[in-house]
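Please keep the structure open while reading.

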Amino acid sequence: MARARIRRAGLYTAVVAFCFFFAAPFLWMIITAFKTDRDLYRAQNNPFFFNEPPTLDNLDFLFFNTNYLGFIRNSLFVGAVVVIITLLLAVPAGYSLARLAGRWGERASIGMFLIYLVPPILLFIPLFRIVVALHLNNSLWSLVVTYPTITIPFSTWLLAGFFGSIPRDLEEAAMVDGYSRFSAFVRVVLPLSVSGIIAVIVFTFTLTLHEFIYALTFVTASAQRTISVGVPVELIRGDVFFWQSLMAAAVIVAIPVGIVYSLFLSRLVAGLTMGAVKG
Amino acid sequence: MSVETVKPPRFSILSDNERVLGALMLAPAVIFILALVGLPLVISIAFSLSDVTVGDTSLDFVGLENFRRVIRTPQFQRAVVDTVVFTIVALLIILVLANILAVIFTQDFHGKWLARILVILPWATPIALGTLGWLWLLDSKFSPIDYVLVQIGLLGPDTLLGPGLHLNYLGREFLAMGSVILVHVWRLTPLSAVILLAGLTSIDQELIDQAQVDGASGLRTHLQIKLPLITPIMAIASLFGFILIFTDLVVVFVLTRGGPIYYTQVLSMWSYNKGLEGGALAEGAAIALFFAPVLLVAAVLILRTVRRIEVN
């Protein structure tokens, strides 16, 4: 009994310690966001408490005196368009690899995955030249054009695995009933794949939200920045850091994305382990 | 019966159609990737062998001159060392922590759903924004870590960590390097842990029960039975982590910009500095291409691991 109790105590201690390590920066962001300047910048103050009443002024400043809302709008726009492009290209490609490509389909979908692993740092210089040649620099469209290079391989490969897990009998039954292969795909397979497609939408969107190098390189006008570059680059003006507004800007995006992401995690893990493990 | 007689001709037409349909469905994605991944790779190699700059965009062939010039600079040499050190040290810490975390999550405990969300937050957050939180946590004057260290008597006059009231994490060589590693660990441990967790939960429970009946302790079951079984999964988790740390620009960009001096310079940051800020496209491309052979090895290792999983 005593041993079991010690084990429980140890388990909870470890859980709390890990949660603290991972969540502490967010906690620190939240505390900071509501502090007054006088409270924040006095070294004698205990930084973990509100030594002066909390304030909403920093949020007010963030929303009405900076381009923050513009960054959010830009990120939403890029994310939405990239999701649409990705679905249009990756859904048919994923199905093709899963069902129509025969024996090399599986190898090809792993190839897709390897393309996803080609890091932006290897491509950003030539892509920058291509973007300039297309007169897209400083426009959000430069990101709309380049982000699918990351999201299409990833989504195609995730979808190929997903389509592959749907029993073939279902489509074959529909085809015996007179459907063509394509309409069997549209009428039978797609409705069964809604959860997989939603997962792809979530991951495509978060990938565009996370992306930094292309957004930093291709877009330099402040008004066209996306959230992940706009906040660290534009909101830091010279050496004057608006720490409270910065922290608010980060945490407002982080928490909702984190919650949505954790809902779809098992799908991602099943994908990342190449279906070796059914998450 | 009639189906039997109709089947052969219909099937061959169908398979022909299917091949065409398959190609048509795959083509748009492949063309897109060739145009915007394949072509840039070729351009990148062409740039690295030329004297192209932002000011003079004509390509004159200079052979391996860029690579030679780049290798000689101390910033590049430091960048290679730092990139390797950051990657290896962070990865080792991540694997240890992720194993512990994954085992914890195989247990039942109250508030597991909340712990799940809290633990995954660092990975789900845009990395630039998460790193920004650390930039403020590690501030030279207002770091709450310093405050705690002073309160518990480890920092300040006549204490273990020295007379100053601030450690200045990002302003000193080894502390700055440690800070970069810390942020990588913070961000990537959750990902590795969930991958390992998926591996652990897929192990046949009978094997574990058997071991425990035979008297093996919890730790021994983990090390001698579970770990060998999830080795391929662990290899994949490591390779992901490896690529993500090895090629990362954001953590260093937000945290230190390569400083102090160039003590936390990494290859990606140096490529960005040279190629874009400095306008030397050719040298920037050459620096980035140093990633290519290492990434190729990582890709081959991933493929081989996957094959091993398939065989099992």
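## Chain A overall

Chain A holds 15 helices and 2 strands. Helices (H or I, at least four residues) and strands (E, at least two) are DSSP runs, numbered from the N terminus. The radius of gyration of chain A is 24 Å, well over the 19 Å that the globule rule gives for 279 residues, so chain A is more spread out than a compact globule. That radius is taken over C-alpha atoms, and the rule is 2.2 Å times the number of residues to the power 0.38. The C-alpha trace spans about 75 × 70 × 30 Å along the principal axes.

This is a predicted model: local features need pLDDT of at least 70, side-chain atom pairs count only at pLDDT 80 or more, and totals for chains, interfaces and linings use all residues. Residues are numbered from 1 along each chain as its sequence is written, while chains are lettered from A and ligands numbered from 1 in the order in which they are written.

Of the 279 residues in chain A, 49% are buried. A residue is buried if 20 or more other C-beta atoms lie within 10 Å of its own, exposed if 12 or fewer, and partly exposed in between, with C-beta atoms placed from the backbone. Take the contacts in chain A between residues at least 6 apart in sequence: 72% join residues at least 24 apart. Contact here means that the C-beta atoms of two residues, placed from the backbone, lie within 7 Å.

## Helix 8 of chain A and its partners

Helix 4 (residues 68–100) of chain A packs on helix 8 (residues 148–164) of chain A at an angle of about 40 degrees, and their axes are 7 Å apart. Axes are lines fitted to C-alpha atoms, for helices over the stretch in contact, and angles run from 0 to 180 degrees between N-to-C directions. Helix 4 and helix 8 of chain A are therefore oblique to each other. Angles under 35 degrees count as roughly parallel, over 145 as roughly antiparallel, 65 to 115 as roughly perpendicular and the rest as oblique. The crossing of helix 4 and helix 8 of chain A is right-handed. A crossing is left-handed if the near helix is turned anticlockwise from the far one by less than a right angle, and right-handed if clockwise. Residues of helix 4 in this contact include Val82(A), Ile85(A), Leu89(A) and Tyr95(A); those of helix 8 include Ile152(A), Leu159(A) and Phe163(A). By class, the contact of helix 4 with helix 8 of chain A has 14 nonpolar, 6 polar and 1 charged residues. Ala, Val, Leu, Ile, Met, Phe, Trp, Tyr, Cys and Pro count as nonpolar, Asp, Glu, Lys and Arg as charged, and the others, Gly among them, as polar.

Helix 5 (residues 104–116) of chain A also packs on helix 8 of chain A, at about 150 degrees with the axes 8 Å apart. This crossing is left-handed. The contact of helix 5 with helix 8 of chain A has 9 nonpolar, 2 polar and no charged residues.

## A loop in chain A

His135(A) sits in the loop between helix 6 (120–133) and helix 7 (140–146) of chain A. His135(A) is not a glycine, yet its phi is positive, about 55 degrees. His135(A) is exposed, with 10 other C-beta atoms within 10 Å.

Asn138(A) belongs to the loop between helix 6 and helix 7 of chain A. Asn138(A) has a positive phi of about 70 degrees and is not a glycine. Asn138(A) is partly exposed, with 15 other C-beta atoms within 10 Å.

## Chain B

Chain B has 14 helices and 0 strands. The C-alpha atoms fill a box of roughly 95 × 70 × 30 Å along the principal axes. Buried residues account for 44% of chain B.

Helix 3 (residues 74–106) and helix 7 (residues 173–201) of chain B pack at about 40 degrees, with axes 6 Å apart. That makes helix 3 of chain B oblique to helix 7 of chain B. Their crossing is right-handed. The residues of this contact divide into 20 nonpolar, 6 polar and 1 charged.

The peptide bond from Gly259(B) to Pro260(B) is cis, with omega near -5 degrees. Pro260(B) lies in the loop between helix 11 (250–255) and helix 12 (267–277) of chain B.

## Where the chains meet

The contact takes 75 residues from chain B and 78 residues from chain A. On the side of chain B that touches chain A, helix 1 (residues 2–48) of chain B gives the most, with 17 residues. By class, that side has 58 nonpolar, 14 polar and 3 charged residues.
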